[in-house]
Amino acid sequence: MPVRPRLSFAIARPALLAALAMTAPAFANAPGSTNESASMSEMPQPPIAEQRPYSYERHGVTVQDPWHWLRDQGYPKVDDADVLAYLEAENRWFEAAMQPHQALVDTLFEEMKGRIKEDDSSVPQKDGDWLYWVEYDKGAQYKKWYRKPVAGGEKQLILDETELAKDKDYFRLGAFSVSPDGRLLAYSVDDNGSERFEARFKDLTTGEILPDVIPGTLSSLVWTADGKALIYGLANENWRTDNAHLHYLGQPTANDILLYKEADEGFRVDVGMTSNEKYIVIATGDNETSEIRLLPADNPLLEPILVSPRKKGREYDVEERDGTLFIHTNDEHVNFRLATAGIDNPGEWTTLIPGSDDFYMTDMNAFRDFYVIEGRRNGLDQIEIRDYADPSKVQPITFPEASYSASLGDNPEWDMKVLRLAYESMVTPDTVYDYDVATQKLTVLKVQEVPSGYNTADYETERLMIAARDGTQVPVSVIYRKGFRKDGSAPLHLYAYGAYGYAIPPNFSVTRLSLVDRGFAYAIAHIRGGDDLGRKWYLDGKLTKRTNTFNDFVDVAQGLIAKGYTSKGKVTASGGSAGGELMGVVVNTDPDLWGAVVAHVPFVDVVNTMLDESLPLTPGEWPEWGNPITDKAAFDLLRSYSPYDNVKAQDYPPLLVTAGLNDPRVTYWEPAKWVAKLRVTKTDDNALLLKTNMGAGHGGKSGRFESLHETA
């Protein structure tokens with residue numbers, strides 16, 4: 001739907017075959033041909049990556065890195081024959097190890113698929129003269145986007161993702177933006193997982209695809225008020241968006257106008273629009289600092305209005321109404337305040353809602369007659385309607401469960417009388433509400449359907465507080481089937497992320513039920529590094545306090561064992577990206593605690609990545625992890641916990657590691673090097689599997705059923 005782009009900067013970093021034939025082997029003991037039903041004990045040895053001498057010196061320390069060669073020196077193009085041969089050999093080893101379990105995988109897939117309504121559709125939402133929604137055809141991997149006139153008439157197919165994805169191994173729709181007059185559609189696509197999107201345009205009145213094409217975008221797509229031009233950002237050679245351009249429809253892209261160029265290599269640029277669509281927003285920032293400029297949407301060539309110059313550690317975002325700016329900022333309180341300023345004097349901020357120790361203000365959304373504050377209190381989502389004339393007049397929206405996830409949904413119009421909300425919990429399927437602001441009435445529009453059957457009463461959910469080793473109480477959300485015995489006999493799966501201030505909501509998952517229905521408890525640890533309990537919760541898990549994140553996860557696992565939810569060795573764990581780093585750390589520090597661990601696209605080669613400022617994300621990541629190039633203390637701290645650097649000769653639990661060859665966020669060689677080192681260092685015979693998606697990126701396969709099969 002033609003929603004306004006949101007702005008974000010923190011990028012977080014999911015059959016034995018024939019013998020291999022290589023002209024220049026880069027590994028030894030490759031798998032050969034055996035019976036496909038062979039057990040693990042009958043399987044040949046896994047591929048062992050060759051060790052090639054390589055070392056470097058930093059801060060007086062010499063670091064040996066014999067698997068450095070797994071990074072293709074031509075990256076982002078990966079065509080080194082030895083590198084590809086090794087990754088393909090690991091994939092064959094993965095397939096061999098999984099072959100005896102294929103029947104279970106198939107069972108799980110059909111089970112999960114049965115919980116998905118194949119011919120699903122979203123609730124239509126009005127935007128201007130049209131109602132917009134999406135539909136899935138039965139059996140389709142991708143969505144179709146529709147609209148129809150509010151006044152009545154036939155529905156119109158405006159974009160068919162299934163057709164766009166035809167004959168492609170990977171497809172992802174990026175930006176989707178309809179012009180203010182409803183006549184044109186701008187959209188962007190990625191067909192290999194590299195997250196370099198190609199922007200295209202469609203005339204919705206004729207169905208014609210326009211000749212304008214903008215390759216290499218990595219931003220939202222924002223229309224000017226007259227619908228004749230569009231603002232976008234390009235990814236540079238280091239996959240960093242450091243610019244904002246203006247493109248006039250029908251003109252060559254070579255003529256596009258550079259509106260803004262960011263000089264700081266650690267900052268990223270994105271574009272958006274205020275809710276009233278009066279100002280285009282050019283926002284730049286890293287993981288701790290932001291700076292915003294405003295352009296009139298009806299005259300984007302004017303000199304931008306700089307709201308306030310950047311100050312290290314200060315974050316802010318901006319809305320506008322009738323000449324007043326509303327600034328959501330952490331300048332005076334770690335949990336943010338809301339301030340106002342005149343558009344003619346944008347740097348003079350006056351507090352409207354002060355920061356609070358009890359309430360973490362995460363967002364402000366402006367509408368014509370009221371504004372909405374979103375936040376968390378005691379880690380639980382809050383939505384409050386506020387009056388412009390009387391900021392003390394607060395209308396909270398209340399929800400029935402003790403643990404849940406709630407947020408504003410798609411609310412594209414400036415003059416909203418009824419707000420669209422999204423709600424779910426670990427036992428309540430995704431629910432779409434309309435909330436009438438005048439009557440304060442919630443109306444259910446749609447509850448996620450589970451075709452194979454689901455009864456909320458069969459499950460229980462709890463919110464626990466478990467003490468970490470420093471005494472900090474860490475929230476944990478747990479779901480299990482009724483009748484679950486807390487005598488230590490059951491297995492438990494523990495999930496967490498713990499970075500960038502991203503809170504993990506206690507949401508509903510149809511795939512999770514396949515574990516829970518087999519006797520597992522499933523727990524989400526809301527550890528430090530996320531902002532589940534406020535901004536300080538995030539700050540207490542970054543930079544020099546990063547080890548709190550790892551300790552919290554281990555301590556939650558041990559606390560759940562102490563409470564009888566499971567026992568040592570029966571805890572399985574998973575995490576992805578920065579959460580994959582978490583997995584890498586805890587298998588090094590507490591290997592006997594875990595029954596099995598899955599690390600999805602894990603950020604595990606932390607020191608090398610943070611030393612390499614040519615990589616896409618590195619300069620912007622220093623505020624999160626520290627800069628080991630200039631700071632020896634940061635270098636020493638990263639070396640002390642980096643999973644790759646701390647692999648040791650000890651027993652490890654069974655491990656599944658995933659990677660994406662085209663992943664620009666966590667490069668494929670991080671998990672590949674980690675697995676290579678584990679193979680020759682660990683002292684056990686437990687499974688160690690590496691699965692690299694050779695045609696995908698950070699998120700794995702893209703189609704809904706392909707993705708589901710990976711989950712199975």
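Me: Is Phe267 buried or exposed?
Reply: This is a predicted model. Phe267 is located in the loop between β16 (257-261) and β17 (268-273). Its contacts beyond four places in sequence include Thr241, Thr284 and Arg310. A residue counts as buried under 20% relative accessible area; Phe267 has a relative accessible area of 5%, so Phe267 is buried.

Me: Which element do the buried residues of α12 pack against?
Reply: In α12 (residues 704-711), the residues Arg704, Phe705 and Leu708 are buried. Viewed down the axis of α12, these buried residues fall within an arc of 90°, so they line one face of the helix. The element against which they pack is α2 (102-114).

Me: How are the rings of Tyr404 and Tyr423 arranged, stacked or tilted?
Reply: Tyr404 is buried, at 7% relative accessible area, and Tyr423 is buried at 2%. The ring centres of Tyr404 and Tyr423 lie 5.6 Å apart and the planes meet at 25°. Planes under 30 degrees apart count as stacked, so the pair Tyr404 and Tyr423 is stacked.

Me: Over the ring of which residue does the charged end of Arg147 sit?
Reply: A charge sits over a ring if, among other conditions, CZ of Arg is within 6 Å of the ring centre. For Arg147, the charged end is 3.6 Å from the centre of the ring, and the residue that carries this ring is Trp130.

Definitions and conventions:
Residues numbered from 1 in each chain as written. Predicted model: local features only at pLDDT ≥ 70, side-chain atom pairs only at ≥ 80, totals over all residues. Heavy atoms only, no water. Helix = DSSP H or I, 4+ residues; strand = E, 2+ residues; numbered from the N terminus. Buried < 20%, exposed > 50% of the residue type's maximum accessible area, 1.4 Å probe, protein only. Contact = heavy atoms within 4.5 Å. Arc of directions from axis to C-beta. Phe/Tyr/Trp six-rings, centres within 6.5 Å; stacked < 30°, edge-to-face > 60°. Lys NZ or Arg CZ within 6 Å of the ring centre and 35° of its normal.
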